Amino acid sequence: MKSLQLFRIAELSQLLKNKSLPLSWGLLFALQASAQEKAFDEAEYRLSPLFGGPMNTIAGMTEWARDINHVYGVTTIVAVLVFLAVSIPLIITLYKFRVKEEDLTNLRPPKQIHGNALLEITWTIIPFILLLFIAVPTWQVIFKQPDEPPPGAMVVKVIGHQWWWEFQYPELGITTANELHLPAETPVFFVISSADVIHSFWIPQFGGKVDALPGTNVDNHLYYVTPALRNSDAVGGEVYQGQCVELCGLSHALMRFEAIVHKQDEFDRWAKTFNTAPVVASEPEKRGEMLFAQCQVCHTISGTASEDLEKQMLSMSPPVAKQGPNLTDFGNRRTLGAGTRKNTEENFIRWVKDPQSIKPGATMTPFDTLSDDELRSIAAYLRFSTAKKF
Ligand SMILES: [Cu+2]
């Protein structure tokens, strides 16, 4: 912890020396990073090697994030100028017109004035011009967002749930949760909505946050080109952190996800193998598969009976969506409980026995009557049978 703090300070001074970071952002960066580091350490998070903090908004990885940072920069400069224009004359005035020793015996009220048209017009026009300075780049950036998916963009539907994320790829026939897989350097058009209350979709390093609203015909959009890989032969993709940023109930802070950026061919393989049925090899996995029957009302795994059940539920009128996340690729997921814990056997068993002990308010039923052996079998099935090589 201490060493990380030192690392961050060293890193920061390096950035300042290279002039790649304005001072005001640098200070903000240091404060924000140290608070987040603590939170993420507790959640067993790995720190991203680039710029330390995985939730850092300042080191934008997409052009969209850099556009937003440009607006921040302009706003910061204007704000600093206003601060100096007010505080310097104030300090000079306080000093120059302070009561002097010899005046103390002869204090008189200052000359009284009322109204000064020239002054009032001036201090109306100056803020107007300053606001224009901020407004023009803001508009320019806002209007870069298209209303419809541009030709060639991949469409991803993002649906917020209390307290997890669903991701659908309509063109690929994929539904997954809590892990957003994306190809590198690809334009993506997100269609964002919610199944219950207002959530907000945010990947800090990709820029911008967009509310996920419940109800029909209120979908919000977000468009950007995903970043290039930092390491062009990264296997398994590069991970960015995401978080719900609208206070949405008890476990709002535990409503996280990971965005994983892959080489195009790796992404294609992921998409192609995604919906293949689990490979049930060992005895515990077979037992686990049977025991999973009691989880099917809420969870779907492609290529199993739970998928048929989902189709039936969706064809009812009105259609009924399952309450829990799709677990088709659960074995490949790095976390469980929407980014709350690492996907280990121990955490898995604790989750199934008592989800609320990991995530207060989680709407999954606790399965505390299952024996340890049964729990280990379900863990084997979900953690190994569904882990597909791609
Ligand atoms: Cu939320």
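**Strands, sheet and helix**

Tutor: In this predicted model, E1 and E2 form a hairpin with two residues between them.

Student: How do you know that E1 and E2 pair, and in which sense?

Tutor: Pairing requires at least two bridges found by DSSP, and strand E1 (residues 154-161) and strand E2 (residues 164-169) share five bridges in the antiparallel sense, with Gly 160 standing opposite Trp 165 in E2; by that criterion, E1 and E2 pair.

Student: Why are E3 and strand E8 (220-225) said to stand at the edges?

Tutor: The five strands form an open sheet of mixed pairing, in the order E3-E2-E1-E5-E8; E3 and E8 each have a single partner strand, so one side of each is left without a neighbour in the sheet. From one strand to the next, the twist averages 25°.

Student: Which residues of helix H8 (residues 345-353) are called buried, and what puts them on the same side?

Tutor: A residue counts as buried if 20 or more other C-beta atoms lie within 10 Å of its own, and the buried residues of H8 are Phe 348, Trp 351 and Val 352. They cover an arc of only 90° around the axis, which puts them on the same side of H8.

Student: Against which elements do the buried residues of H8 pack?

Tutor: Their packing partners are strand E11 (335-336), helix H9 (355-358) and helix H10 (372-385).

Key
Residues are numbered from 1 along each chain as its sequence is written. This is a predicted model: local features need pLDDT of at least 70, side-chain atom pairs count only at pLDDT 80 or more; totals for chains, interfaces and linings use all residues. A residue is buried if 20 or more other C-beta atoms lie within 10 Å of its own, exposed if 12 or fewer, and partly exposed in between; C-beta atoms are placed from the backbone. Helices (H or I, at least four residues) and strands (E, at least two) are DSSP runs, numbered from the N terminus. The arc is that of the directions from the helix axis to the C-beta atoms. Two residues are in contact if their C-beta atoms, placed from the backbone, lie within 7 Å. Axes are lines fitted to C-alpha atoms, for helices over the stretch in contact, and angles run from 0 to 180 degrees between N-to-C directions.
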